Amino acid sequence: MSNSKTIYNSPAKAWVEAMPVGNGTLGAMVFFDTDKEKISLNHDKLWSGVPKDYKNRARKGAKDSYERAKALALDGKYSEAQEEIEGNFLDFTSEKYLPLGDILVNTGHESFENYRRELDFASGTAFVKYENCGKKYERSCFASYHDKVIVYKICGEKGTVSFDLSFESRLEGKLSVDADTVVFDGVCPGYAYTDVRNDSEFEYRNGRYTKGISFRAVTKVTACGGSISSDASGIHVENADSAVIYFTAETNFVSPFVYPEQGGKEYKNTALEIINNAAERGFDDIYADHVKYFSEMYDRVKLDLGTSGKDDIPTDERLISFMETKDDLSLYTLLFDFARYLTISGSAKGSSAMNLQGIWNDKMPAPWRCNYTVNINTQMNYWPTLPSGLFECHEPLVELIKNTAKNGKEVAKRYYGARGFVFHHNIDGWAHASAVYWKAMWGFWQGGSGWLSRHLFEQYEYTLDEKFLSKTAYPLIKDAALFYIDILTDIGDGKTAIVPGTSPENNFYDNNGIQTAVGKYSAMMNSIARETIENAIKCCDILGINDDFRKEAEEALAKIVPLKIGKDGRLLEWNEEFEETELTHRHVSHLYALHPADMITSKTPELMDAARKTLDVRGDDGTGWSLGWKINFHARLGDGNRALKLMERQLAYVPSGVESIQATSTAKSGTYSNLFDAHPPFQIDGNFGFASGVYEMLARVIGDELYLLPALPDKWRDGSIEGMRLKGGNILDMTWRDGELCYYEITGKKPLKVIYKGEEIGAGR
């Protein structure tokens, strides 16, 4: 069994070598440099911009443009339809997630010996031990959820702890120092330049309602022994036995619909109160509560895939060695456990949902604005959350959907003339819902609302919480379905489709040889519409609803055009068998019906074969998240060895210098030494795609059937899992030996028919 920690013999030299800690709201990257330490900080609410007025800001003529594009697509004039969309329909783009700043700690320990730093997943704590000039030192860092602080402790031999502390931020603000406390009062830009082709530009505006989010960041130092002094540069600790650095930050953000300067909440005194309370409580009490909170969630699942005796080898060395040997069994478990660690650290009750980098971003601007990209990435962030039993960590995603649906209602009405709600390719901290600017290949895609609504239904499936279903999930799923019902378009022969249709970020050559992203329809959009309407009907069945909407949904569902298979045996991505511009494109969106949906299963063998052929042609290369999705695809196809091959590909070591944007199918993806997924650059979604793939390989519920070890790879001959949550409100414990199931136990709410190797088996084998 993995020891659930990363280990290193030297300080982090780059951000993607540092260790992440977080409490959902506050995030930090800890380098543990013995000389010039940097604690890189984030707050989940720090976005550029202000609320958008979707009632009055709809692009003039957008609905008419949509109707013209639809008519062009129906007539086979795809490039003309794309020109219409890009010229007259797409709207402003999302805002940007911003880094807060850095705490800098200068100790003067330029040399070190016997250095060892660790990130312990089970306790949610980063540690380091080292020696300098014959003296021993220890440091630790964690983020407390209950006390709302990041805590960093430095211990040494008597009288040996001395350092200078300062604070820096690239955001506008004012720094003040008083005794043992540094205060930074900052403000975010009120506007991020809308043209994504000039993505580095920001504007600080002074007009009414255009000033961005304001925040207060507070750092306080306490010491045992020695002395604390301060000046304009920061805080100075001399000859202490130990010292503790407390950090917190508060903002005036209330909701995506409230202008911070008009109706923002009090935050300055709150930040001071939090930091003073933490210092009064002290390190020991805060840490004890933190470990209790963190370990209880982390210990809900235990995975053992065997060991190769390498758990005490530094993690960077293990990754480098693994590229050659592929013989480190517990490395799979380590990356799986790291994803659960990131979920607990990055998504908590009351926090924002995890964006492209969770709550760990040091760039301004960050790649792809570090927003919520909802054509796969945000959803992937939450794939392993429910199987891990981390239901409280799923709440921020539910809140993101609820908030964005409010703006999405206005977009549905004003841009499409439709009921319900819609959101497209990107969301931000202000619940962005309209189709983003510039290119139809990503901007004109209405699947975000449907795909995210499936997470609401899945939460019900895992918990069987009918109150949640009736009060929260069903109203949203119904509205998501209503939008698709309204825009489903007659394509002849009694069939309907979402017209025009795109398949995220991909292009094809139309019948005139012109490259375009807009077809008559796409497999993905029709699959999302179908599943959303199906889930709405399932909600009606569960809740005993038999009204006009249910009848309307059933009628609409019956007419949606089915998936099609091309002459070469692959699933068609668009309405025709067009020539693809990039045969190995990183997105495999037309297989949505295979995963995450349950439309392609062993009960549809022709479609299973078509999906397999599609993946064979797409190939095994891809960006980090793309590899993660492909792992899940092959698990659904029952091919554990192919899934494992992709896991090994994802575990390829990527050095810290590879941090430039490479959004191509052949990007040299893999894993940085701190286990962050390398897109490259870093995106957190690939970490969660990997963990989800492990769950899919070990167990899957379809309806009332539970499939055990459906995609067990040959290398995982012996193993066990405890605490895996299943649909139906159930928990699975399972052990296998020599590749064969030898024990399982299911506890929970809903009886399941257990299938192993195609045969129904009895309980407790």
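Trainee: Where is Ser669 found?

Mentor: This is a predicted model. In it, Ser669 lies in the loop between α17 (640-650) and β27 (670-671).

Trainee: Is Ser669 buried or exposed?

Mentor: Ser669 has a relative accessible area of 4%, and buried means under 20%, so Ser669 is buried.

Trainee: What does the side chain of Ser669 reach?

Mentor: The backbone oxygen of His679, at 2.7 Å.

Trainee: And which residues is Ser669 in contact with, leaving aside neighbours within four places in sequence?

Mentor: His679 is one of them, alongside Ala678 and Pro680. The list also has Gly622, Thr623, Gly624 and Leu627, and then Arg649, Ala652 and Val654.

Trainee: Gly624 is in a helix, I think. What does α16 pack with?

Mentor: Helix α16 (residues 624-636) packs with helix α18 (residues 685-698). Their axes are 7 Å apart, at an angle of about 10 degrees. That angle is why α16 counts as roughly parallel to α18.

Trainee: Which residues make that contact?

Mentor: On α16, Gly624, Trp625, Gly628, Ile631, Asn632, Ala635 and Arg636. On α18, Asp685, Gly686, Gly689, Phe690, Ser692, Gly693, Glu696 and Met697.

Trainee: Other helix pair now. At what angle do α5 and α7 cross?

Mentor: Roughly 135 degrees, for helix α5 (residues 283-298) and helix α7 (residues 329-346), whose axes come within 10 Å. The angle makes α5 oblique to α7.

Trainee: Which residues are involved there?

Mentor: From α5, Phe294, Met297 and Tyr298; from α7, Asp337, Arg340, Tyr341, Ile344 and Ser345.

Trainee: Is the crossing of α5 and α7 left-handed or right-handed?

Mentor: Right-handed.

Trainee: Switching to strands. What is the order in the open sheet of three strands?

Mentor: The order is β25-β24-β26, with antiparallel pairing. The edge strands, β25 (515-516) and β26 (579-580), each pair on one side only.

Trainee: How many bridges join β24 to β26?

Mentor: Two bridges join strand β24 (residues 508-509) to β26. Tyr509 has Glu579 in β26 as its bridge partner.

Trainee: Last one, Thr735. Which strand is it in?

Mentor: Strand β32, residues 730-737.

Trainee: Is Thr735 buried or exposed?

Mentor: Thr735 has 17% relative accessibility. The cut-off for buried is under 20%, so Thr735 counts as buried.

Trainee: What is Thr735 in contact with, leaving aside neighbours within four places in sequence?

Mentor: Gly719 and Ser720, plus Leu741, Cys742 and Tyr743.

Key. Residues numbered from 1 in each chain as written. Predicted model: local features only at pLDDT ≥ 70, side-chain atom pairs only at ≥ 80, totals over all residues. Heavy atoms only, no water. Helix = DSSP H or I, 4+ residues; strand = E, 2+ residues; numbered from the N terminus. Buried < 20%, exposed > 50% of the residue type's maximum accessible area, 1.4 Å probe, protein only. Polar contact = N/O pair within 3.5 Å; in protein donor to acceptor, adjacent residues only side chain to side chain. Contact = heavy atoms within 4.5 Å. Pairing = 2+ DSSP bridges. Axes fitted to C-alpha atoms, helices over the stretch in contact; angles between N-to-C directions. Parallel < 35°, antiparallel > 145°, perpendicular 65-115°, else oblique. Left-handed = near helix turned anticlockwise from the far one by under 90°.
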